[in-house]
Amino acid sequence: MSTDADAQLNSESESPAPARRTGRTAERRIDRRSILRPGDGSMVIFDGVTKRYGEDVVGLDNISLSIDAGEFVFLVGPSGSGKSTFIRLLIKEMDASEGTVIVGGRDLGKMGRSKVPYLRRGIGCVFQDFKLLPGRTIYENVAYALEVTGDAPKSIRRKVPEILALTGLSDKSDRLPNELSGGEQQRVSIARAFVNHPRLLIADEPTGNLDPDTSIGIMQLLYRINRTGTTVVMATHDRDLVDKMQMRVIALEGGKLVRDERSASYATVEP
Amino acid sequence: MRLGFFFREAIRSIKANVAISVAAIVTVMIAVFILGTFIPSYLYVQSTVNQQKSRLDIQVYVADAAPQSQVAALQAQIVALQSQGLIKSFSFISKTDALNQFKARLNDPSILTLLPNNPLPASFDVRPADPAKDGQIATALRTSHAIDTTMPGNGISYAETTTNRLLTIAQFIQYAGLVLIAILLVAAILLIGNTIRLSIFARRREVEVMRLVGATNWFIRWPFIIEGIICGVVGAAISVVILWIAKILVVDPYVSTSTGGLTRDSATTIGFGTLAVILIVAGGAVGAVGSGFTLRRFLKV
């Protein structure tokens with residue numbers, strides 16, 4: 001299955017034309033305009049970013065870093081280290097107290113609230129708790145992401161089976177989420193996040209609820225997505241996984257950046 | 001197709017919260033039912049009052065006992081006032097004419113054969129040039145000895161008192177009805193709002209996912225607004241059906257058998273079709289307003 005999926009992923013990234021063939025509506029134009037464009041090759045730039053909650057609780061403390069387009073980055077650190085704050089700033093769920101957050105060449109501090117939906121269409125999100133809709137089938141869950149962003153039915157009917165095949169869920173498309181295993185549910189959630197082929201995929205503890213073997217499967221899927229050119233930022237505290245992958249590791253502790261290494265292991269962060 | 005998506009989502013949500021949706025529908029139904037009985041009743045009273053107001057003629061009743069000379073003198077007085085420009089026209093209605101007119105207004109004229117004689121007085125039907133000067137004309141004519149002072153208004157009757165009384169009643173009905181309707185509509189709006197609030201709560205995961213994948217704010221709101229409108233329109237439609245049944249079973253038989261003033265009266269009220277359209281539109285509007293308010297408060301998108 002993996003070679004098949006790889007081929008599909010690669011062909012998809014090389015020719016984005018099918019996605020643009022349909023729906024020449026006004027909404028579609030706005031949509032395209034909002035697709036993230038990392039001008040100088042940086043997908044994410046944090047410049048002196050501090051986030052305070054209230055008076056003296058610091059979520060992030062003066063963080064400066066840059067993530068290139070196409071990179072795979074692990075964001076590690078214990079609970080409360082600022083991983084979630086980092087991710088919430090990326091999707092503009094909130095704004096930085098100080099400093100600049102630039103995603104895909106766009107300064108999020110200067111972006112109006114009404115533009116946020118279009119920003120998020122360019123970012124895929126995967127969470128520890130999957131965030132699937134319980135009353136809907138797997139197919140409907142994935143199609144939902146396209147429906148609510150105003151995609152044409154024809155294009156939805158084409159894209160959903162495609163992404164389900166890619167994530168190995170074709171035979172599960174009529175099942176409900178609670179009929180699936182945790183690993184399968186996380187695949188659905190990844191399918192939903194990637195169905196629009198975003199330039200940036202954010203995964204917040206995607207393997208947090210899964211056993212090690214299943215986690216590796218999810219990891220492989222994310223890696224394949226990364227190889228299509230999608231930037232992947234994955235927050236985790238799964239030590240084994242990080243050690244195995246040997247990718248760039250950004251370690252946070254108490255809101256501070258304590259380590260930023262390429263091809264690194266989880267270790268040295270926690271004694 | 002987007003409209004299709006909104007409707008599917010709204011219906012899905014109504015099905016998921018059946019109890020609360022039914023509560024909202026019933027409240028709208030009751031409010032609209034009362035609105036539906038009030039509107040035609042009010043318009044009927046209003047129409048009656050307007051008719052009364054246009055009936056501005058002064059009735060000058062002539063005593064049966066008055067000698068011909070006094071009646072002629074009265075007529076001369078009226079002609080004099082007409083030449084002054086106060087009176088536009090007048091006509092003499094004999095006792096027989098009066099009886100015939102009365103017969104025409106009865107459902108069963110044969111009842112009059114039971115009368116030993118004609119009890120109705122002769123009268124002058126005086127049409128003033130300016131209705132506001134009714135009082136002045138009445139004062140001028142009151143000097144005549146031919147007038148039957150046992151009749152209403154001491155023998156000179158004009159619409160003023162009746163009209164004023166009717167207007168007071170009509171106004172009271174109007175205000176009381178408006179207050180009642182306002183209270184019920186507010187209740188309906190609040191209950192629909194509550195329905196939508198619960199629906200937002202029940203669908204918080206959907207809303208979360210919608211925000212996550214980049215649905216615009218209006219895209220998130222529309223299903224809720226449509227849900228409110230559906231509740232409002234369904235409640236109003238049920239109420240229209242009940243009103244129609246009430247009209248067929250109660251009002252229509254009553255009007256056709258009644259010997260009261262409802263039958264020969266030419267006062268009109270609203271047609272049922274128009275009423276139904278107004279009520280259903282009102283129900284939809286109540287639903288939209290109810291969900292709109294709640295979305296502002298509870299759905300920070």
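Gln246(A) is found in the loop between α10 (239-245) and β9 (248-253) of chain A; helices (H or I, at least four residues) and strands (E, at least two) are DSSP runs, numbered from the N terminus. The model is predicted: local features need pLDDT of at least 70 and side-chain atom pairs count only at pLDDT 80 or more, whereas totals for chains, interfaces and linings use all residues. Residues are numbered from 1 along each chain as its sequence is written, chains are lettered from A and ligands numbered from 1 in the order in which they are written, and side-chain values use heavy atoms, with hydrogens and water left out.

The phi of Gln246(A) is near 55°, a positive value in a residue other than glycine. Gln246(A) is partly exposed, at a relative accessible area of 33%; buried means under 20% relative accessible area, exposed over 50%, and partly exposed in between (1.4 Å probe, protein chains only). Ser263(A), in the segment after β10 (256-261) of chain A, also has a positive phi, near 45°. With 52% relative accessibility, Ser263(A) counts as exposed. Most residues other than glycine have a negative phi.

## Composition of the chains

Chain A contains 10 helices and 10 strands, and 52% of its 271 residues are buried. Its accessible surface comes to about 11500 Å², with 47% belonging to carbon and sulfur atoms; such areas come from the Shrake-Rupley method with a 1.4 Å probe, and for residues only the protein chains shown count as cover. Of the contacts in chain A with a separation of 6 or more, 71% are between residues 24 or more positions apart, where contact means heavy atoms within 4.5 Å.

Chain B has 9 helices and 4 strands, which run α-α-β-α-β-α-β-α-β-α-α-α-α from the N terminus on. Among its 301 residues, 39% count as buried. Chain B exposes about 16200 Å², of which carbon and sulfur atoms supply 65%. Residues 24 or more positions apart account for 85% of the chain B contacts with a separation of 6 or more.

## The open sheet of chain A

In chain A, 4 strands form an open antiparallel sheet in the order β2-β1-β4-β5; two strands pair if DSSP finds at least two bridges between them. Strands β2 (57-68) and β5 (106-107) of chain A stand at the edges with a single partner strand each, so one side of each is left without a neighbour in the sheet.

Strand β1 (residues 42-53) of chain A pairs with β2(A) over 8 bridges in the antiparallel sense. Lys51(A) stands opposite Leu60(A) in β2(A). Helix α4 (residues 83-90) of chain A packs on this sheet and touches β1, β2 and β4 (98-103) of chain A; its direction makes about 120° with that of β1(A). For such angles, axes are lines fitted to C-alpha atoms, for helices over the stretch in contact, and angles run from 0 to 180 degrees between N-to-C directions.

## The enclosed strand β3(A)

Strand β3 (residues 72-76) of chain A is largely enclosed by the rest of the structure, because 5 of its 5 residues are buried. Phe72(A), Phe74(A) and Val76(A) point one way from β3(A), while Val73(A) and Leu75(A) point the other way; all are buried.

Two parallel pairings involve β3(A). With strand β8 (residues 231-236) of chain A there are 5 bridges in the parallel sense, and Val73(A) stands opposite Val233(A). With β9(A) the parallel pairing runs over 4 bridges, and Phe74(A) stands opposite Val249(A).

## Nonpolar cores

The largest nonpolar core has 84 residues; Phe72(A), Phe74(A), Val142(A), Val148(A), Leu222(A), Met234(A) and Leu279(B) have the most contacts inside it. A nonpolar core is a set of buried Ala, Val, Leu, Ile, Met, Phe, Trp, Tyr and Cys residues joined through side-chain atoms within 4.5 Å. Helix α8 (residues 217-257) of chain B gives the most to this core, with 10 residues. Another core, of 31 residues, lies apart from it and includes Leu108(A), Ile123(A), Cys125(A) and Phe127(A).

Leu222(A) touches Phe72(A), Ile190(A), Leu201(A), Ala203(A), Pro206(A), Val232(A) and Met234(A), not counting residues up to four places away in sequence.

## The interface

Contacts between the chains involve 19 residues of chain B and 25 residues of chain A. The area buried between them is about 2000 Å², of which carbon and sulfur atoms give 56%; buried area is the accessible area (1.4 Å probe) that two parts lose on being put together, summed over both. On the chain B side, Arg205(B), Leu212(B) and Val213(B) lose the most area to chain A, together 30% of what that side buries.
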